Amino acid sequence: MITLYDFELSGNCYKLRLLMSILKLRYDIVPVDFYPGRQHKADWFLKLNPFGQLPVLKDDELVLSDSGAILAYLAKKYDEAGLWFPDDPAITAEILRWHAVADDITATSSAARLVLGMFYDFDLEKAQKGAHRIFRLMDEHLWFGEREGRDWLCSPAHPTTADIACFPYVMLSEEGGISRQDYPALRRWTDRVRRIPGFMVMSGIFPAGRALETT
Amino acid sequence: MTLSLSDPTWYPIASSEDLPFRHVYQGQLLGRELAVWRADDGNVNVWENRCLHRGVRLSIGINEGGELKCQYHGWRYANRSAGCTYIPAHPADAPARRIENRTYPVREAYGLVWSSANNDIAFTPFPGADSADWFALRPMPANAAPEDVHAALVRLAPDDQPAELLPGLALRLDGTLYFVQPVDAGRSVIRGLLAGQPDDALTTLRHYNEILTKLRDRLERAAARKPAPTPLQPIFEKVAVDLATMPEIAIPRGNTMPVVVKRKWTSADGVIGFELAARDGHLPTFQPGAHIDVHLPNGLIRQYSITNGPGELMSYIIGVKQESASKGGSKILVDTVREGDLLSISEPRNNFPLRRDAVRSVLIAGGIGITPLLSMARFLDKSSLPYELHYFTRAGEQVAFRGDLEALHGKVILHTGLPRAEIASTIATALGEWSRAQHVYVCGPSAMLESVRTTAAAQGWPDEAIHFEYFKNDKVIDDSSSFEIELARSAMTLHVPSGRTILEIMRENGLTVPSSCEQGACGTCLTTVMEGEVDHQDVYLNDSEKRSNACMMTCVSRAKSARLVLDI
Ligand code: FES
């Protein structure tokens, strides 16, 4: 039995809901009032995750935290085809590299969103600049990827947990005042992610139109 | 050079490759944000990036292939015209066609998409444009003023080979063309074109990308030391309230327009297809289920449904039944109108609006009644909404628009040659029990309409969920009343005795009043009522229009009050 300690407006929690929806997993949700309730700093929650961060996932007796780590866990345990977190060492390294980028996106784009949407006291301008720096790199990586026939962040011909990890706070960047207008390849990639079978939305993230049918 | 909001120069605003299947590109030119999207027919649309409703960005909308749908409130706009085709707040009626998003001129050429702030000058290719097969570089956005970017590109040239300056912030550098897209006062995109396809495209692209990245970084460092220029301030006009809200009754009495018969063909046994094209540009936006009045060479006016799908505005395709009876209308069209002829048609109007918030739509067509339902099926198809289309014909050869039906993705079921009793049971099964948000649309012979109406009612379908298209009024007209009519503009008072129509009496008294079907089905004789209570007997107006008491059909309707004042 999987239980997700979840805050609906958290992109990091959404990553797990998204992968579990794609993998068709059933799970329970325990809502944690991150804002304005700050329940992630409450005693009962700190016992689950001393780092005081969402999300937390319980699979039977196993308690896990950190969205990137949990994505890897879910993919390795429940994706029988082994596509979302392939075993190949080089690809594993690639994916982990992008999981780290996802953390940088959280530290910038998500931080800017927390300032504007939830009144956190971070340096907004620094957060926005940082997000633009990462988006520029991603756009270039994805643009050349398209020319090389690669649609996703990592080299396999299908999406991996890297795409899930980076997706939410790219999509939510406008809420932090970070426009994606200058990153057309990044915008096209978000269309592709939104067309993955099993994709689900969260508040602030809309579905994309229909994909090209290849029948 | 200072940037001006009204600069009419054509600038590149995107690469062709920026517009993959069903994507909406977000662009900007001279401070104006743009939603750029390619429809399935290949046409590129450059629109103001705002939904008319609440100003939400259309670049987060859904490109449905023929329409762009705003994700916030579901307003839809058609390919080419940007006319609004659907307002969810008014699902029972279609919006006035005149609600249109702002569009900008567009041209796709040399691997780039070009646009300008207004239509003041025509697109002219850059010098030497036709001399090569152009290859677009990766665009490089830069947070720097367009004139500074242009100057920096000029300085890239070696001393002995100075850059050739071209109009519109462009230059030629050793065979490579660079265009500076003025995004805003302090923002630009550099777009490059190489003459000819390079042998190793990827290496070439990376090479230029590196040069431009370095240039960009230099420009941005310099820009950071200067005061930031004030961004341009385009005015974003919200749509006027009276245009954005549905009038209680939308009955355009619009003008006619000429169309060319582009194609005439036999679509099925007894059905002739006509393709009517605009003489230049595109035709007006229409809603699924809409029809046009066709003015025939002999002076008659007949209604035909538009069969096209969303955003197909280059021509309207109609189907005409070859009547065996020599009734003047359709016969003239079939017998005497040829390809290349000019016809006059009305603007499209819609008595048969399609709801797009249904969880299930059942479309039932009999014979030539397929025409409005084909259009509906195409709209539902493009939006991936669930529907079932049941098409009844007497024989397989009578299936019109067969190829178009086969191209649909939804459930299309042909019922050929069913005996009468079986038609009823087939309809019953097709409908099933009603549950919330299911709608049925029927067009066909009156026996079929009746059958659907009674079957649906028996299976729990409420009135609001059953939608009909009438081209004929089969009601028995009660013309026993007698009353006075006062014609306000003609300053005449006339008596209408029992057994005579208002139309006849007006004509007898020398008035010229238009009519067509003379049975209360087509809407040609629509007249504004200023006073009095109308005894409606037509099938043209819907119930709320009838209740409003503000208009009537003078060919069949009468008065319940002793006197009617008409705006004639
Ligand atoms: S003439 Fe057609 S409705 Fe009166």
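Residues are numbered from 1 along each chain as its sequence is written, and chains are lettered from A in the order in which they are written. Local features in this predicted model need pLDDT of at least 70, and side-chain atom pairs count only at pLDDT 80 or more, whereas totals for chains, interfaces and linings use all residues; side-chain values use heavy atoms, with hydrogens and water left out.

**Strands of chain B**

Helices (H or I, at least four residues) and strands (E, at least two) are DSSP runs, numbered from the N terminus, and two strands pair if DSSP finds at least two bridges between them. Strand β3(B), residues 32-38, has six of its seven residues buried, where buried means under 20% relative accessible area with a 1.4 Å probe and protein chains only. The table lists the two antiparallel pairings of β3(B).

| Partner of β3(B) | Partner residues | Bridges |
|---|---|---|
| β2(B) | 24-29 | six bridges |
| β4(B) | 44-48 | five bridges |

B:L29 stands opposite B:R32 of β3(B), and in the hairpin of β2(B) and β3(B), with two residues between the strands, B:L30 takes a positive phi near 50°. B:R38 has B:V44 of β4(B) as its bridge partner, while in the hairpin of β3(B) and β4(B), with five residues between the strands, B:G42 takes a positive phi near 95°.

**Helix α6 of chain A**

Eleven of the eleven residues of helix α6(A), residues 161-171, are buried, so this helix is largely enclosed by the rest of the structure. The buried residues of α6(A), among them A:F167, A:P168 and A:Y169, pack against α1, α3, α4, α5 and α7 of chain A, with contact meaning heavy atoms within 4.5 Å.

Definitions and conventions:
Buried < 20%, exposed > 50% of the residue type's maximum accessible area, 1.4 Å probe, protein only.
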